[in-house]
Amino acid sequence: MTTTSETPAVGLSTRPAAVTNRGHGSPTWVFTKNCPCKKCRVVKNAYARQVHRRRCYGTWQPYVDAAPTVRHLRKLHDAGISYAQIARQSGLHENHVHRIANGHSKQVRPATAEAILALTAESVQRKVLPITGSARRLQALAAIGWPFTTLATYIGMNPRGISRINYQPYIFQSTAKAIVAAYERLKDQKPEDHGVSLVGAQKSRALAERRGWPDPLWWEDMGHIDDPEFDPATAERELNRDELGALRREEIEHLSSYGCDAETIAKRLHMHLGTVRGVLRELRTGERRDRKGADA
């Protein structure tokens with residue numbers, strides 16, 4: 001019998017490659033459905049030949065130790081990468097990734113280990129964005145009555161997965177774009193006019209009110225919807241004395257730059273004339289007055 005010097009690499013997948021991850025001819029379909037169609041038989045026979053050759057070469061290794069994969073998964077997760085992101089980037093099912101990360105699988109297939117070990121935090125994060133803007137848009141739509149389950153259909157997400165967006169640090173760019181598109185389409189629409197039940201809309205509004213989620217009109221007025229440094233919880237709080245004084249000083253300086261005199265400024269800002277004159281004197285001389293003495 002003629003032999004060949006070409007030996008398959010041990011690390012290659014123990015299942016044949018497929019064009020799609022699901023459907024006829026895919027490993028998932030072939031090995032779980034036991035489908036007798038021609039397309040699935042071709043894949044299954046190719047897999048059988050591959051296994052036979054590797055056994056002859058002595059390189060048959062259907063499973064490897066899962067410990068290195070588990071450590072790498074947890075390292076990625078500690079860097080802020082969600083298991084859902086890891087699953088999408090590696091082409092694996094999210095439940096499978098969770099089982100491995102939680103230590104339920106003591107062994108994994110070489111192809112699974114390779115797919116996960118090939119990922120780095122940097123390579124995944126290049127394809128993702130901070131969650132801030134996406135979460136705020138979904139929350140704003142919820143505030144006007146759009147339930148998350150309904151929004152999922154507009155975005156193309158799993159209804160159970162959309163609620164997790166509020167608790168993850170990053171989101172895929174493609175998903176973020178879909179959320180922006182849905183937000184622009186729905187922010188001026190009444191949910192009840194688009195098939196949302198009155199009870200569903202009321203529950204969504206009540207949830208948003210309990211959690212203090214601003215609506216789209218609020219964000220339109222305030223801006224900063226994508227800014228993680230902007231805190232909506234403190235944006236409308238009452239100014240303290242120092243903050244109010246600084247704001248008044250800016251207003252006086254602004255009006256003075258347009259040629260307004262002290263009397264005009266005092267009337268427009270509803271302030272005491274002496275206070276306005278004192279601020280103008282400070283601006284002119286560059287010396288701050290003694291406020292304790294002035295108050296006394």
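His-270 is exposed, with a relative accessible area of 74%, in what is a predicted model. This histidine sits in the loop that joins helix H16 (262-269) to helix H17 (273-285), and its phi is near 55 degrees, a positive value in a residue other than glycine. A positive phi in a residue other than glycine also occurs at His-224, where the angle is near 65 degrees. His-224 belongs to the loop between H13 and helix H14 (232-235), and it is partly exposed, its relative accessible area being 45%.

As for the overall architecture, the protein contains 18 helices and 4 strands, and buried residues account for 35% of its 296 residues. When contacts between residues at least 6 apart in sequence are considered, 65% of them join residues at least 24 apart.

The crossing in which H8 passes H9 is right-handed. On the H8 side the contact involves Leu-138, Gln-139, Leu-141 and Ala-142, which meet Phe-148, Leu-151 and Ile-155 of H9. Sorted by class, this contact has 6 nonpolar residues, 1 polar residue and no charged residues.

The structure holds 5 aromatic pairs, one of which is formed by Phe-148 and Trp-213, a tilted pair with 6.0 Å centre to centre and 40 degrees between the planes. Because Phe-148 lies in helix H9 whereas Trp-213 lies in the loop between helix H12 (198-211) and helix H13 (216-222), the pair ties together parts that are 65 residues apart in sequence. Phe-148 and Trp-213 are both buried. Phe-148 is thus a residue of H9 that meets H8 and that also pairs with Trp-213.

Another aromatic pair, that of Trp-218 and Trp-219, is edge-to-face, with 4.9 Å centre to centre and 90 degrees between the planes. Trp-218 and Trp-219 are buried as well, and together with Phe-230 they form one aromatic cluster.

Note on methods:
Residues are numbered from 1 along each chain as its sequence is written. This is a predicted model: local features need pLDDT of at least 70, side-chain atom pairs count only at pLDDT 80 or more; totals for chains, interfaces and linings use all residues. Side-chain values use heavy atoms; hydrogens and water are left out. A crossing is left-handed if the near helix is turned anticlockwise from the far one by less than a right angle, and right-handed if clockwise. Helices (H or I, at least four residues) and strands (E, at least two) are DSSP runs, numbered from the N terminus. Contact means heavy atoms within 4.5 Å. Ala, Val, Leu, Ile, Met, Phe, Trp, Tyr, Cys and Pro count as nonpolar, Asp, Glu, Lys and Arg as charged, and the others, Gly among them, as polar. Rings of Phe, Tyr and Trp (its six-membered ring) pair if their centres lie within 6.5 Å; planes under 30 degrees apart count as stacked, over 60 as edge-to-face and the rest as tilted. Buried means under 20% relative accessible area, exposed over 50%, partly exposed in between (1.4 Å probe, protein chains only).
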